[in-house]
Amino acid sequence: MQARREIRTKPEQRGEEDAAAVAETPLSARWSPEAEIGMRVEDIWDSLDQPQLSRSDKLNSCFDAIPVSSFPQTFGSQLVDIPSDATLAEAVDILSRNRINGAPVRNVEAPEDSSWIDRYIGIVEFAGIAVWLLHQSETSAAALGADEVAAKLGTVTLDPELKPAAPASEAEGAVAEAFGSLPSSELFRKTKVKDISGSFRWAPFLALQSSDTFLTMLLLLSKYRMKSLPVVDIGEGTISNMVTQAAVVHMLAECVGLSWFEDWGTKTLAELGLPLMKTSRLVKVCEDDPALKAFRQMRRRGVGGIPVVDGAGKPVGSIMIKDVKHLLTASESTGHYRTLTAREFIASARQSSGEKQMSIITCRREDNMKEIILKLDAEKRQRIYVVDGEGNLDGLITLRDIIAKLVYEPPGYFGDFFNGVIPMPQNSRV
């Protein structure tokens with residue numbers, strides 16, 4: 001599976017100069033498990049004895065020499081999973097209570113002694129559930145609109161090609177009404193997680209083996225758009241770790257001060273070719289638009305978050321696909337969430353749940369990668385928006401973009417391993 005290049009190394013020599021350098025390293029970078037990984041990368045980085053290697057080649061070589069089994073544990077004593085016979089309502093409750101965005105789906109029909117490949121059938125995420133429910137609400141609204149039009153025209157049936165389009169405001173209202181009724185519907189409370197596995201972006205259970213390398217892990221989390229990767233041992237039936245994009249960025253934040261990180265992290269966004277997305281392609285909603293419109297835009301454009309802008313076009317907040325939990329878990333007293341504007345939705349969510357991540361964090365093109373990583377890690381965010389000198393939106397940077405700038409895929413590295421394995425749209429940035 002891996003096309004490794006041979007690396008010549010010189011004997012490890014760590015004298016008083018190296019000891020002094022380590023002593024100057026921040027305490028957090030010396031004593032955290034993540035920083036231990038950084039020190040291993042440092043050792044390999046210093047030992048490479050091939051002047052012709054570029055910075056990217058050296059980073060690739062470093063990460064290709066460290067096994068995934070070394071990655072720090074990301075969950076406690078027990079992994080949170082979702083049984084395949086759980087309803088959508090139960091799945092949302094499990095994800096909300098544990099404050100996680102996704103979890104592996106455990107096949108309840110698998111024998112007790114089954115291996116991981118038979119025990120788990122995929123990963124369910126808030127994003128997937130939201131997309132499926134929005135699709136159902138739009139389908140229901142469209143059907144309702146067609147029936148009403150047919151009734152007014154006095155017809156029994158109407159050719160799909162000739163159905164008149166409802167005004168935008170009426171269409172939005174119909175979708176809002178249909179979506180608002182879903183959380184209390186039989187569909188939401190009785191549909192099983194396993195029943196919708198083919199109806200939305202079902203994240204495949206693509207597992208890493210403990211012997212795989214960090215390079216494999218980083219490529220899957222960046223170029224191949226995986227949000228999380230379970231780590232398993234061949235023949236075992238359990239997951240030993242769950243590596244996420246956020247966990248990798250946290251590891252990088254703990255490596256500040258190490259020479260290999262500083263060599264890369266002090267480069268500005270412009271020097272690293274970021275942001276990747278052009279401003280003209282950035283999806284956004286106005287603060288007075290219905291909050292539901294933000295989620296519908298995310299579904300249609302395949303993105304995981306969307307900025308909220310004021311009348312002047314300046315960003316004032318952010319709504320993520322995971323924030324759909326406020327709509328799905330709203331009680332009767334807070335059901336008004338489903339009819340609020342984007343601005344009101346953000347304010348209400350903050351007040352009722354202490355949600356702080358709906359504020360927006362920004363950076364400039366002249367900022368360096370280290371500053372971006374530290375800000376994202378401190379705020380526990382998935383994305384940061386680039387603004388110009390006047391505060392106007394100038395781009396977007398996601399965790400995936402950051403990891404993608406750390407490593408590259410060597411020719412033939414994966415071979416045909418992914419043929420038919422990851423059915424994800426090319427423009428997906430969820």
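The following exercises, each with a worked solution, concern a predicted model.

**Exercise 1.** Determine which residues of helix 10 are buried, and state what follows for the placement of the helix.

*Solution.* Step 1: helix 10 spans residues 214-221. Step 2: a residue is classed as buried when its relative accessible area is under 20%. Step 4: because 8 of the 8 residues are buried, helix 10 is largely enclosed by the rest of the structure.

**Exercise 2.** Identify the residues with the most contacts inside the largest nonpolar core, and the element that gives the most to this core.

*Solution.* Step 1: the largest nonpolar core comprises 58 residues, and F63, M217, W260 and W264 have the most contacts inside it. Step 2: helix 10 is the element that gives the most to this core, with 7 residues. Step 3: a second, separate core has 40 residues, among them L134, I196, L292 and F295. Step 4: for W264, with residues up to four places away in sequence set aside, the contacts are R55, L59, L252, L272, M369, I373, I402, K405 and L406.

**Exercise 3.** Describe the surroundings of S222: is this residue buried or exposed, and which residues does S222 contact?

*Solution.* Step 1: S222 belongs to the loop between helix 10 and strand 5 (228-232). Step 2: its relative accessibility is 2%, so S222 counts as buried. Step 3: a polar atom of the S222 side chain lies 2.7 Å from the backbone oxygen of L218. Step 4: beyond its neighbours within four places in sequence, S222 is in contact with R400, I403 and A404.

**Exercise 4.** State where P410 lies and how far P410 is from D57 in sequence and in space.

*Solution.* Step 1: P410 is located in the segment after helix 17 (399-404). Step 2: P410 has a relative accessible area of 11% and is therefore buried. Step 3: P410 and D57 are separated by 353 residues in sequence, while their C-alpha atoms are 9.4 Å apart.

**Exercise 5.** Characterise the second largest cavity by volume, lining and residue class.

*Solution.* Step 1: the model contains 3 cavities of 30 Å³ or more. Step 2: the second largest cavity holds about 50 Å³ of space. Step 3: its lining consists of M277, L282, V283, V303, G305, I306, P307, R383, Y385 and L396. Step 4: strand 8 (305-309) and strand 11 (383-387) are the elements that give two or more residues to this lining, and strand 8 provides the largest share, 3 residues. Step 5: by class, the lining has 8 nonpolar, 1 polar and 1 charged residues.

Notes. Residues are numbered from 1 along each chain as its sequence is written. This is a predicted model: local features need pLDDT of at least 70, side-chain atom pairs count only at pLDDT 80 or more; totals for chains, interfaces and linings use all residues. Side-chain values use heavy atoms; hydrogens and water are left out. Buried means under 20% relative accessible area, exposed over 50%, partly exposed in between (1.4 Å probe, protein chains only). Helices (H or I, at least four residues) and strands (E, at least two) are DSSP runs, numbered from the N terminus. A polar contact is a pair of N or O atoms within 3.5 Å; within protein, one must be able to donate a hydrogen and the other to accept it, and residues adjacent in sequence count only if both atoms are side-chain atoms. Contact means heavy atoms within 4.5 Å. A nonpolar core is a set of buried Ala, Val, Leu, Ile, Met, Phe, Trp, Tyr and Cys residues joined through side-chain atoms within 4.5 Å. On a 1 Å grid over the protein atoms alone, a cavity is a set of points where a 1.4 Å probe fits but cannot get out, and a pocket is an open set with protein on both sides within 12 Å along at least five of seven lines; lining residues have an atom within 4 Å of a point. Grid points are joined across faces, edges and corners, and a volume is the space filled by probe spheres set on the points. Ala, Val, Leu, Ile, Met, Phe, Trp, Tyr, Cys and Pro count as nonpolar, Asp, Glu, Lys and Arg as charged, and the others, Gly among them, as polar.
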